[in-house]
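Please read the following report alongside the sequence and the 3D structure.

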Amino acid sequence: MISFLKTEKISATFRAFQNRNYRLFFSGQSVSQIGTWMQRTGVSWVIYTITHSPFMLGLTVFASQFPSFIFSLPGGIASDRYNRYRVLLLTQIASMIQALLLAILTLTNHYTVAGILLLSVLLGIINAFDVPARQPLIHEMVTDKADLPNALALNSSMVNIARLIGPALSGIVLVKWGAGICFLLNALSFIAVIISLLFMKLPSYSAPPVKNKISSELTEGFRYLKNTPSISITLLLLGLVSLFVLPYNTVLPVFAKVIFRGDAATFGYINSFIGIGAVAGSVFLATLHPKTDLKSVLFISTVIFGIFLILFSHMSNFPLAMVFACATGFGMMNQTTICMTIVQVESDKEMRGRVMSYVAMAYFGMLPLGSLLVGTVSQHIGAPDAILIQGIIALVIAAVFYKFLRKKKTETFIDREEEQEAENLVLEKI
């Protein structure tokens, strides 16, 4: 009996894999995300090795993510106006070309800080169109909409498993073969996701009947957020955390090289231990009951994130610091994933692309600004004190949003589906 219950729980944890399209997407993205994390780790290490400047680390993150903030609204409109499948296919091909250019420059020894920053800007522009198309497309991959929260949680677990494996592999490759091979492997990894997309069988695309002016659609999206506080307040919380807390990883190369007196492999291990915690968080979210109060979990996760950042900030013992890094990853992953889940579950279908563009603004817009801020502050007071302050800010944010997070239980996707079915039945009787 116990064995049967365990089997049922495991199958419930991975229930979204019953959908063929989602299985294909998950498989292809798993390979691609590992390559992405290898490239991110490689770029940060190369920049710090050349400049030895925490500020330049922040500038690199800014260059790769702030363009996503600038172009996120056009990206959201493109997602709502056009076939998201085709948009995603184009962004994956463009990302592969960007990684290939970075690899060629590095392998031929023609790379410079300016060149890396320029290609980082290009990737940021691509991501502005990729994110608003990729996240809502998951809705079309899942035939049973009750599996959607599970699919979103598994999607986060896939990203964080990549965060666990990618930096560790990157550290090994950087030491043995150099950054160029890291970037080349990332370019090759996009082949997997492109193949997975080509093998999908999605419902036939039907274009929106009416296309308003871009300015009208932007205004409509903003008005929708204003009238939906459950989404707008969640986005505000995500934006504040992205600005002041999430950029802690900007200065991790300083910890690897200066605090722990290590090399590229050490930097990879730090990121991987954060990834272990993030994977644990993903599995935890995937096992939650569909009617779980996500706002309560969001509050607790933000507190965990802040506490363990504080503990990590001044820990010079490497093994113990990795325990704290793991717990930090757990809180961080839960915090960001729950915010995005609440936003997607609460948003209407016709507004989903634009809403996800606002998510990109809150995340990709604030994170690069925060990276510049953290890089500048750590340049003056040191990386440990900068991360200490970030941990304290996380606790302050949790306290400020406590009333909202404990106000009432978040309506689940299943609740909304049941309500819609009831309305349909009433209409049929009429």
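Helix 6 passes helix 11 in a left-handed crossing; a crossing is left-handed if the near helix is turned anticlockwise from the far one by less than a right angle, and right-handed if clockwise. The model is predicted, so local features need pLDDT of at least 70 and side-chain atom pairs count only at pLDDT 80 or more, while totals for chains, interfaces and linings use all residues. Residues are numbered from 1 along each chain as its sequence is written, and side-chain values use heavy atoms, with hydrogens and water left out.

Helices here are DSSP runs of H or I with at least four residues, and strands are runs of E with at least two, numbered from the N terminus. Two packed helices are described by the angle between their axes and the distance between the axes. Axes are lines fitted to C-alpha atoms, for helices over the stretch in contact, and angles run from 0 to 180 degrees between N-to-C directions.

| Helix pair | Angle | Axis distance |
|---|---|---|
| Helix 6 (residues 148-176) and helix 11 (residues 264-286) | roughly 165° | within 8 Å |
| Helix 12 (residues 294-313) and helix 15 (residues 383-400) | about 160° | 8 Å |

Helix 12 is therefore roughly antiparallel to helix 15, a label for angles over 145 degrees. Helix 6 and helix 11 are also roughly antiparallel to each other. The crossing of helix 12 and helix 15 is left-handed. Among the residues of helix 12 that meet helix 15 are Phe299, Val303, Gly306 and Phe312, and the helix 15 side includes Pro384, Ile387, Gly391 and Ala398.

Phe312 also has a place in the core. A nonpolar core is a set of buried Ala, Val, Leu, Ile, Met, Phe, Trp, Tyr and Cys residues joined through side-chain atoms within 4.5 Å. The largest one has 103 residues, of which Tyr22 and Phe312 touch the most other members. Helix 13 (residues 318-346) gives the largest share of this core, 10 residues. Not counting residues up to four places away in sequence, Phe312 touches Leu252, Phe255, Ala321, Met322, Phe324, Ala325 and Ile387, where contact means heavy atoms within 4.5 Å.

Ser189 lies in helix 7 (residues 179-198). Ser189 has a relative accessible area of 7% and is buried, a term for values under 20% with a 1.4 Å probe and protein chains only. Beyond neighbours within four places in sequence, Ser189 is in contact with Val31, Ser32 and Gly35.

Overall, the protein has 17 helices and 0 strands. Buried residues make up 55% of its 430 residues.

Methods: Buried < 20%, exposed > 50% of the residue type's maximum accessible area, 1.4 Å probe, protein only. Parallel < 35°, antiparallel > 145°, perpendicular 65-115°, else oblique.
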